[in-house]
Amino acid sequence: MFQYQAEIQKVIDGDTYVIDIDLGLSVWVRGERIRLYGVDTPEIYGVKKDSEEYQQGQKASAFAKSLIKKGTPAIVETMKDEKGKYGRYLAVLYIRIPEELMEGQGQIRAIGDFFCLNDLLLAKGLAEPYFL
């Protein structure tokens, strides 16, 4: 597992993000697409807008967007330094999350004051566990 400082640039949907990754020594990878490891949120692309899946996908996406703005600091852990079949790295994403959202959430991993977004999406019922 590899761990990097990062900045989130865009929320694509509940489980896909565009991030800039700090590799150290002033070297950055910009505009990298990642998919959250171990979670699957309902789709918002390629499904009918009046479907239940689309509505649930919108909820997951809106929740992520409520926490993340362009430039949000993050810690990203990649499972392996290679891309999956859709050209994205699988990653665990840690961000700062307001305390009130963390109340009653027991099993959320943390690195310092950064909490695991993957775990929070599962705990809030916005994602299902998913392992390739």
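Visitor: Among contacts between residues at least 6 apart in sequence, what share join residues at least 24 apart?
Guide: In this predicted model, the share is 50%. Contact means heavy atoms within 4.5 Å.

Visitor: Predicted, okay. What are the ground rules?
Guide: Residues are numbered from 1 along each chain as its sequence is written, and side-chain values use heavy atoms, with hydrogens and water left out. Because the model is predicted, local features need pLDDT of at least 70 and side-chain atom pairs count only at pLDDT 80 or more, while totals for chains, interfaces and linings use all residues.

Visitor: How many helices and strands are there?
Guide: The protein has 3 helices and 9 strands. Helices (H or I, at least four residues) and strands (E, at least two) are DSSP runs, numbered from the N terminus.

Visitor: In what order do the elements run?
Guide: From the N terminus on, the order is β-β-β-β-α-β-β-α-β-β-α-β. The radius of gyration is 14 Å, close to the 14 Å that the globule rule gives for 132 residues, so the protein is as compact as a globular protein of that length. That radius is taken over C-alpha atoms, and the rule is 2.2 Å times the number of residues to the power 0.38.

Visitor: What box do the C-alpha atoms fill?
Guide: Roughly 50 × 35 × 25 Å, taken along the principal axes.

Visitor: What percentage of the residues is buried?
Guide: Buried residues are 44% of the 132. Buried means under 20% relative accessible area, exposed over 50%, and partly exposed in between (1.4 Å probe, protein chains only).

Visitor: New topic: salt bridges. How many does the structure hold?
Guide: It holds 5 salt bridges. Each is a side-chain nitrogen of Lys or Arg within 4 Å of a carboxyl oxygen of Asp or Glu.

Visitor: Why can such side chains pair?
Guide: Side chains of opposite charge can pair when their charged atoms come close.

Visitor: Which residue does D15 bridge to?
Guide: D15 pairs with R35, and their closest N and O atoms are 3.4 Å apart. This pair links distant parts of the chain: D15 is in the loop between β1 (2-13) and β2, and R35 is in strand β3 (residues 27-36), 20 residues apart.

Visitor: Is D15 buried or exposed?
Guide: D15 counts as buried, because its relative accessibility is 2%. R35 is buried too, at 11%. D15, R35 and D40 are linked in a network of salt bridges.

Visitor: What about R30?
Guide: R30 forms a salt bridge with D20, with closest N and O atoms 3.3 Å apart. R30 lies in strand β3 and D20 in strand β2, so the pair ties together parts that are 10 residues apart in sequence. R30 counts as exposed at 54%, while D20 counts as buried at 8%.

Visitor: Let's switch to Q9. Where does Q9 sit?
Guide: In strand β1. Q9 is buried because its relative accessibility is 18%. Its side chain makes a polar contact with the side chain of K70 (2.9 Å). A polar contact is a pair of N or O atoms within 3.5 Å; within protein, one must be able to donate a hydrogen and the other to accept it, and residues adjacent in sequence count only if both atoms are side-chain atoms.

Visitor: What else does Q9 touch?
Guide: Leaving out residues up to four places away in sequence, Q9 touches V18, I19, D20, K70 and G71.

Visitor: And Q3?
Guide: Q3 is also placed in strand β1. It is partly exposed, at 48%. The Q3 side chain makes a polar contact with the side chain of E77 (2.8 Å).

Visitor: One more. Is T78 buried or exposed?
Guide: T78 counts as buried, at 4% relative accessibility. T78 is in strand β5 (residues 72-78). Beyond its neighbours within four places in sequence, its contacts include M1, F2 and Y89.
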